[in-house]
Amino acid sequence: MPGGVEGTPYTYSAPTFATVGVASGAVIAANTARQCVVIINDSTSDIYLAVNAAAVLNRGILVRPGGVAQFGGEAGLPLTRDAINGIANVASRNVTIQEMT
């Protein structure tokens, strides 16, 4: 992946995951050093994301099964350093996460 701010290389965090359920919950905490974050829906259900707000079914950023939400970087949504929350209509759905600073 191309470099971060001013062409400097990204520093990759350890890959991680979050479990999304039927109530809004944290996918990834706010990080003022974030340059990009990639969230992949590793489940068989739709997941909805919200930035700096509670996630709500059928609202916000829809990530289909196997789909990707990328914040920052050269492709995807605008960068956010705020917390990202998620919700699904089925309990215990996983998303995989890779954050770059």
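Reader: How much of the accessible surface of the protein belongs to carbon and sulfur atoms?
Author: The share is 55% of about 5,400 Å². Such areas come from the Shrake-Rupley method with a 1.4 Å probe. This is a predicted model, where local features need pLDDT of at least 70, side-chain atom pairs count only at pLDDT 80 or more, and totals for chains, interfaces and linings use all residues. Residues are numbered from 1 along each chain as its sequence is written, and side-chain values use heavy atoms, with hydrogens and water left out.

Reader: What agrees with a compact globule?
Author: The radius of gyration, taken over C-alpha atoms. The rule is 2.2 Å times the number of residues to the power 0.38. For 101 residues a compact globule would be near 13 Å; the protein has 13 Å, so the two agree.

Reader: What share of the residues count as buried?
Author: Buried means under 20% relative accessible area (exposed is over 50%, partly exposed in between; 1.4 Å probe, protein chains only). By that cut-off, 39% of the 101 residues are buried.

Reader: Which elements does the protein have?
Author: Eight strands and zero helices. A strand is a DSSP run of E, at least two residues; a helix is a run of H or I, at least four; both are numbered from the N terminus.

Reader: Why are β1 and β6 at the edges?
Author: Strands pair if DSSP finds at least two bridges between them. The open sheet runs β1-β8-β3-β6, with antiparallel pairing. β1 (16-20) and β6 (68-72) each have a single partner strand, so one side of each lacks a neighbour in the sheet.

Reader: What makes β1 and β8 a pair?
Author: Five bridges join β1 to β8 (residues 93-100). At least two are needed, so they pair. Ala18 stands opposite Val95 in β8.
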